[in-house]
Amino acid sequence: MSLKSLTRDWEAMSYGFLDASAKREIRRKMIKAVAVPGCQMPYASREVPMARGWGTGGLQVSLTLINPKTRVKVIDQGADDSVNAASIRRFLARVSGAPTTLDTLEADLIQSRHRIPEEKLREDQVLVLQVPNPEPLRPVQPNMSVARQMHADADYGRMWLQLYEQIVRSGRVMQGASYPSMVNGRHVMTPSPIPRWDVPKLHMARHLTILSAGREKRIFAVPPYTRVEPLVFDDVPYKVEEHGALTCSRSGAKGFFMNEIPQDDGSSKYEISDSEYGVKTIRHADGEEVRLGETWYRNGEMPA
C-alpha cells in the first residue's frame, strides 16, 4: 500500500459550501415560500462558518442561489464596508468563485441586513434579507404552536389590538423596524428589521425578495408584483421616518434614509445610509461618469 493509492486526483467539487442535498431542500422551501407569499416555511438550517444570529439564514439562501457567474453585493445597515458585510461577501466569493460588486445596479444577488438599497431593483435581481425573528405574532403570543394556528386562521386580532394600544398610549404607532405587514391580503409577516422607510419598497416591487432566519429555521418570500401593506387603521395613516428633508453632509444627497451622527456640540450630522449610493453621488458631482439608477423615493416622497 502506498500513499498515492490512498489519495485521489484533484477534481472540482460542488461550489457554494453547502452540499447538494442541503441546496435541494432550501430550493424546495423557497419555491413553496414563493407560492404562498408571506407564509413561513420551516427548513433544516445547516451549520455555516458563522455564529447563529449573524446572518446564517440569509447566507444559506445566498449559497443556494449563487453560481460562479452571479454578481454578488452584500450590505449591512446600508453599508458595503462593515465587518459583517465584507466578511460575508469575501466568503461567498471564495466558496463560489462569483464576482462581487458594490454597485446595486450591477448586482444579480443582493444579501442585506436591515436595509433595502435606495435604487430600484430590476426583475432579474434577487434580494435576500437576513431575519433575526421571523414571527410577527411573538409579541402578542409567545407560544409558537398557537401563533402558527393563528396564522392558519388569519387571526390577527391581537396584533391590531397591540397597534391600537400604542396609539392610545402614545398618540402614534411606536413600532419602528419590523413593522407588521400584510402580504397578498392573507399572511402577516415581519419584513425583517428594515426601517419603516423601506417597507413601501416591497409593495408591488419588480424583484423577488427572500427572507430567511437561520436560528429560527424559517424561510418566507415576497414574489415580484405582490401587495405588501403595512397594518394601519383607516384614520391613522402609515408614516415613515421623517428623513425627507435631511441632507447628507458628505454627498449633499437629499431625500433618502440617513444615519444620524451626534457631534461634540450636541448637534447632529447626517450621512446617507446607502453608502454606495452616497459614493456614486459624490463621484457624479465631481464630474465622473457614474450611472445613477432610478430611486424608490423622489424628493423624500414615495410616488403613489
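This report looks at a few neighbouring strands and then at the nonpolar cores.

The model is predicted, so local features need pLDDT of at least 70 and side-chain atom pairs count only at pLDDT 80 or more, while totals for chains, interfaces and linings use all residues. Residues are numbered from 1 along each chain as its sequence is written, and side-chain values use heavy atoms, with hydrogens and water left out.

Let's start with strand β3, residues 109-113. Strands here are DSSP runs of E with at least two residues, and helices are runs of H or I with at least four, numbered from the N terminus. Four of the five residues in β3 are buried, meaning under 20% relative accessible area with a 1.4 Å probe, protein chains only.

| Pair | Sense and bridges |
|---|---|
| β2 (residues 72-76) and β3 | parallel, five bridges |
| β3 and β4 (residues 126-130) | parallel, four bridges |

Asp76 sits opposite Arg113 in β3, and Leu109 faces Val126 in β4.

Now for the cores. A nonpolar core is a set of buried Ala, Val, Leu, Ile, Met, Phe, Trp, Tyr and Cys residues joined through side-chain atoms within 4.5 Å. Which residues touch the most other members of the largest one? They are Leu137, Met189 and Leu211, out of 36 residues. Elements giving two or more residues to this core include β4, α5 (157-170) and β7 (208-213).

Met189 is in contact (heavy atoms within 4.5 Å) with residues including Gly38, Tyr179, Leu211 and Phe220. Apart from this core lies another, of 26 residues, among them Ile26, Met41, Ala85 and Leu92.

Notes:
Buried means under 20% relative accessible area, exposed over 50%, partly exposed in between (1.4 Å probe, protein chains only). Two strands pair if DSSP finds at least two bridges between them. Lists of a residue's contacts leave out its neighbours within four places in sequence.
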